[in-house]
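Hi everyone, thanks for coming. I'd like to walk you through a few spots in one structure, so let me put it up on the screen.

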Amino acid sequence: LYVSDVRAVVAAAAAVCAPPPSTAQQLMREAPLPTGLAALDGHLGGGLRPGSVTEIVGASAVGKTELCLAVAAEALVTGHARGAGVVYVDTECG
């Protein structure tokens, strides 16, 4: 690839992965994406907020990865009609 091609790919990816920032007020107006877990949705005010970052922390082997993958799948299924997407980042590299 030429440098101009790489720049075009990076610009296209950035447009999808890094949309313009939203204000907290704008995020609160958007309907939450349900996680599929009623108790968790109750604590989150109905689910995950589109355009926000949710960090899951806890001790080793308590199910963080399983929870994240299940919630990501549910968000994609329930948010499909709204064009929702999911970015999953694992910072432990384990």
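**A threonine in a loop**

Let's start with Thr 35, which sits in the loop that runs between helix 2 (24–29) and helix 3 (38–43). Before I go on, please keep in mind that what you see is a predicted model.

So, is Thr 35 buried or exposed? Its relative accessibility is 3%, and the cut-off for buried is under 20%, so Thr 35 counts as buried.

What does the side chain of Thr 35 do there? One polar atom of that side chain lies 3.1 Å from the backbone nitrogen of Leu 37. The side chain of Thr 35 also makes a polar contact of 2.6 Å with the side chain of Asp 41. If we leave out residues up to four places away in sequence, Thr 35 touches Leu 40, Asp 41, Leu 44, Leu 48, Val 71 and Glu 74.

Now let's move to helix 4, residues 64–79, where we find Leu 76. Leu 76 is partly exposed, at a relative accessible area of 39%. Have a look at Val 86 too: it is 10 residues from Leu 76 along the chain, and their C-alpha atoms are 6.8 Å apart.

Last stop, helix 1, which covers residues 3–17. From first C-alpha to last, its 15 residues reach 21 Å, close to the 21 Å expected at 1.5 Å a residue. How many of the 15 residues of helix 1 are buried? The number is zero, so helix 1 lies largely in the open.

Terms used. Residues numbered from 1 in each chain as written. Predicted model: local features only at pLDDT ≥ 70, side-chain atom pairs only at ≥ 80, totals over all residues. Heavy atoms only, no water. Helix = DSSP H or I, 4+ residues; strand = E, 2+ residues; numbered from the N terminus. Expected span 1.5 Å × (residues − 1). Buried < 20%, exposed > 50% of the residue type's maximum accessible area, 1.4 Å probe, protein only. Polar contact = N/O pair within 3.5 Å; in protein donor to acceptor, adjacent residues only side chain to side chain. Contact = heavy atoms within 4.5 Å.
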